[in-house]
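Reader: Could you walk me through a few spots in this structure while I have it open on my screen?

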Amino acid sequence: MQNNLETELRSGVSRFSAYGKVSISADTFPTDAVKAASGYTYKRVSFPVSVGDNNTIYVQMMGGYSPKKPVIYARNTDNDPIEVNWDLRTNENILENIADRSFVKVRLEKDADGKLIEKKFLSEFDAITYMADHLKDGQQVYIGGDVEYRHYNGQIQRSFNMTTVALDENEDRKPSAQLSQTYLIDNTSVDSDWEDQLEEKKQLVVNAYVPQYVGKHEGKQIKKTLAFPQQFVLKATDENMDKRKAIVKRFLLTDEDVVRELSLLCDLVDGYEESTGNVELSDDLKELIKLGFMTEEAAEKQMTIGGNRVRETVLVRPMLRRNNGQPELMMEDKYAPEALVFLQAIMDDEEVDDPFPPEDETAKSTESKDENVTTSFEDDINAMFS
C-alpha cells in the first residue's frame, strides 16, 4: 500500500448547471407552508427544466425553520459557521456580514434600464415565495446549485438543489445540463474486458463512487462522509476509439491498493431515444387519426420520441484547478481502500457485497472557478477528450 493515503473521505465538488426552459403549472408553487409532525415548517418546490430534445431534469428547492430552534445556518464573511435567528433573516445589518455563498440568488426581474435585478435570500423559504410570483412557464433560464445523494427506499436518489435561478437572455444558447462532480475510482470501477465493451457497445460504464456527507439516517446519527455508488459513461466512436482507450488507461485504471479522487465535468441525460428511419403507425394511432383525435404528424412525433428511456451521466472531460497560477488536473491517488465506507455497512454492521446491483438506476461544495483557463495544457486535455 502507498504511504500517506487517507482513510477518511472528504467532500468534493458536487454542482450542477442547466440552461433550458422551465415548465410551471398553477400548482407548482405551494401557497402555504407545510408543518411536519416534528413541527418543522417549510416550503418545497420542484419542477422540470427542458434542456434539449427529449431531455429533462427536475430541480428542487426546500427551506424552513424549526419552532424549537428557529435559526438559519450560514457562514459569515470570515467563512465561520454562524446561526441567524429566523426573525432576523432579512435584517440588512445581519446580512452584510454573511458570506455570499450562503445566499440563494434569483434574477427574474429587470430594472428601468433592462438589466436583471438580483434578489438574495438567506432562506430558500423566501426564495420560493418570490419565485412563485416571478417565474413563469416557458421562460428560458439558467439554474445552478448543489447535487445531493441520499438513500431512500433502498435506492440512491440524486437531487438537484437550486441555489441560483436567473433569466437567460442569450436566445441562441443551446439547452444543456452539466454536472461537476468528484468521483472515487478503485480497481473494480472498470471491468477487465473494458476494451471489448468499448469496441462492441461504443461505450463504457464506469462503476465509481461519490463522497457524500450524511448527518443522520433513519434516526441514527452518522456524521460521516460516505461512499455512494454512482455510474458514469464514456462514449466512443470508431473514429475516436484510440483516444478513448488512452483516456481509460490514463484516468480510470488504478492499482488495487489505492482509491483515486477524480473530478469530472459530465453531461446529464434524462429522456428518450429518438427513433430513426420510417415510422410505422400502430393500429391504435391510426384509429385516433381517423377519429380526429390526433393528426398524422403528431402521431409520427409520438412514435419518434417513444423509444427507450435514457438516463445517463456522460463524461465530457476532467476538471482543472489553479496551483500557483498553473492549471492542473483535479486528480489524485488519495485514499486507502478502507476509506470507502458505505451507509449499509454502518446501518447493518456488515460489508456490502455488491454496491452496484444489476437493476440499480442510481440516478455545499466549492466549485472550481478555473475551468475556463486557456493554456496549452488545457488544449492538450481538450484534444484528448474531443
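This is a predicted model: local features need pLDDT of at least 70, side-chain atom pairs count only at pLDDT 80 or more; totals for chains, interfaces and linings use all residues.

Reader: OK, and which aromatic residue does W86 pair with, and how are the two rings arranged?

Author: W86 pairs with F125 in an edge-to-face arrangement, with 5.6 Å from centre to centre and 85 degrees between the planes. F125 is buried too, with a relative accessible area of 13%, which is under the 20% cut-off.

Reader: Where in the chain do W86 and F125 sit?

Author: They come from distant parts of the chain, 39 residues apart: W86 is in the loop between β6 (81–85) and α1 (92–95), while F125 belongs to helix α2 (residues 124–134).

Reader: Which residues make up the aromatic cluster there?

Author: Y65, W86 and F125 together form one aromatic cluster, and a search of the whole structure gives nine aromatic pairs.

Reader: Switching to helices, how do α3 and α4 cross?

Author: The axes of helix α3 (residues 194–201) and helix α4 (residues 241–252) come within 11 Å and cross at roughly 150 degrees, so α3 and α4 are roughly antiparallel to each other. The crossing in which α3 passes α4 is right-handed.

Reader: Which residues make that contact, and how many are charged?

Author: On the α3 side the contact is made by W194, E195, L198 and E199, and on the α4 side by M241, R244, K245, V248 and K249. By type, the residues of this contact divide into four nonpolar and five charged, with no polar ones.

Reader: Now the strands: is V314 buried or exposed, and what is V314 in contact with?

Author: V314, which lies in strand β15 (residues 309–318), counts as buried because its relative accessibility is 12%. Leaving aside neighbours within four places in sequence, V314 is in contact with V233, K235, L265, C266, D267 and V269. For D267, which is 47 residues away from V314 along the chain, the C-alpha atoms of the two residues are separated by 5.0 Å.

Reader: And A74, where is that one found, and what does A74 touch?

Author: A74 is found in strand β5 (residues 71–75) and counts as buried at 9% relative accessibility. Not counting residues up to four places away in sequence, A74 touches D80, P81, I82, I98, S102 and L122. The C-alpha atoms of A74 and A99, which are 25 residues apart along the chain, are separated by 7.8 Å.

Methods: Residues are numbered from 1 along each chain as its sequence is written. Side-chain values use heavy atoms; hydrogens and water are left out. Axes are lines fitted to C-alpha atoms, for helices over the stretch in contact, and angles run from 0 to 180 degrees between N-to-C directions. Helices (H or I, at least four residues) and strands (E, at least two) are DSSP runs, numbered from the N terminus. Angles under 35 degrees count as roughly parallel, over 145 as roughly antiparallel, 65 to 115 as roughly perpendicular and the rest as oblique. A crossing is left-handed if the near helix is turned anticlockwise from the far one by less than a right angle, and right-handed if clockwise. Contact means heavy atoms within 4.5 Å. Ala, Val, Leu, Ile, Met, Phe, Trp, Tyr, Cys and Pro count as nonpolar, Asp, Glu, Lys and Arg as charged, and the others, Gly among them, as polar. Rings of Phe, Tyr and Trp (its six-membered ring) pair if their centres lie within 6.5 Å; planes under 30 degrees apart count as stacked, over 60 as edge-to-face and the rest as tilted. Buried means under 20% relative accessible area, exposed over 50%, partly exposed in between (1.4 Å probe, protein chains only).
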